[in-house]
Amino acid sequence: MGAGGQPTDPPYRRIAAELRERIASGEVRAGEKVPSTRGIAREWGVATATAAKVLEVLRQEGLVRAVPGVGTVVRAPGADPEPEPALRTARRRVRRRAGEPALSREDVVRTAVAIADAYGSGALSMRALAAELGVSTVVLYRHVPGKDELVALMADAVFGDVELPARAPAHWRGRLEAAARMRWALYRRHPWLATTASPARADAHARWALEPLRELGIDAAVLAHIAVMWSSFVRGLAVNSAVNVEDAVAGPGDEPSPEAVFAFGLARLLDGLEPVVARAGARPRPRPEGRGRAWR
């Protein structure tokens, strides 16, 4: 009983509440590790059994997940209860036991993508990836030289998964809007992607997006500025979409969704480009409707 005869929560619940607050405030973000059982025991001066209960409470609430080779990390928002990497790994182990082809670079890259999608980029390491695949890190290094190269391959793979529309908008505004929405959707499916260097396939997509403007005779320097502004808007908003904007709006319940902010900002960006394009003073040359293609 506490002061005045009031009941108090047991230690493990008080500690869980403190960790829950750290997660809610963003002090510990998606993909980052929370203290281990021993770390909790040291920091709060409790028994390891009590510390284990703390982590179990957070797991039951869906706030954290145990990642092989890493530890307990904060779950990314919307992550599946049973992430796809574990399912694919189980099937892959069965295939290898059955004598089917061994681990490939594609296996490595796709599993890394699934880990980053489910747990956040902070949970991805060569050690964690090796544990998820059921191999040693030595085996991984036969396929990729290191993590930087792995992330580059991951970015290239997810951009390559998306096909450009079979019937592309011919007008410059429709094309830029369609391209921006495709890239926004890609960043939303793979939140880690917006913080990585753009692969060559992303550059090919940008060229496709800007093709109608190029046909209008827009100056190359102006075209380059438009490309950077367009790309930076989509990428920057994707990186910051999880930021709490409550203080910037009128009151509780008025906080806009990331999708609403994206749509509003994209429309204003395109509105701002209208006079720039009008000053180009050229008419578009007739062009046939092109077939879609992968970002390759």
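Both W184 and F262 are buried, where buried means under 20% relative accessible area, exposed means over 50%, and partly exposed lies in between (1.4 Å probe, protein chains only). The model is predicted, so local features need pLDDT of at least 70 and side-chain atom pairs count only at pLDDT 80 or more, while totals for chains, interfaces and linings use all residues. Residues are numbered from 1 along each chain as its sequence is written, and side-chain values use heavy atoms, with hydrogens and water left out.

**Aromatic rings**

- Rings of Phe, Tyr and Trp (its six-membered ring) pair if their centres lie within 6.5 Å; planes under 30 degrees apart count as stacked, over 60 as edge-to-face and the rest as tilted.
- By this rule, there are two aromatic pairs.
- The pair of W184 and F262 is stacked, because the ring centres are 4.7 Å apart and the planes stand at 5 degrees.
- W184 belongs to helix 9 (residues 172-189) and F262 to helix 12 (residues 258-278), so this pair ties together parts that are 78 residues apart in sequence.
- F233 and F262 also form a stacked pair, because their ring centres are 5.9 Å apart and their planes are at 20 degrees.
- F233 lies in helix 11 (residues 220-240) and F262 in helix 12, so the pair ties together parts that are 29 residues apart in sequence.
- F262 counts as buried because its relative accessibility is 1%.

**Charges over rings**

- A charge sits over a ring if NZ of Lys or CZ of Arg is within 6 Å of the ring centre and within 35 degrees of the ring normal.
- R175 lies over the face of W208, at 4.6 Å from the ring centre, and R268 lies over the face of F264, at 4.9 Å.

**Packing of helix 9 and helix 11**

- The axes of helix 9 and helix 11 are 10 Å apart and the angle is about 30 degrees; axes are lines fitted to C-alpha atoms, for helices over the stretch in contact, and angles run from 0 to 180 degrees between N-to-C directions.
- Helix 9 is therefore roughly parallel to helix 11, a term for angles under 35 degrees.
- Contact (heavy atoms within 4.5 Å) involves residues including L176, W184 and Y187 of helix 9 and W230, V234 and A238 of helix 11.

**Overall fold**

- The protein chain has twelve helices and two strands; helices (H or I, at least four residues) and strands (E, at least two) are DSSP runs, numbered from the N terminus.
- Of the 296 residues of the protein chain, 40% count as buried.

Key
Angles under 35 degrees count as roughly parallel, over 145 as roughly antiparallel, 65 to 115 as roughly perpendicular and the rest as oblique.
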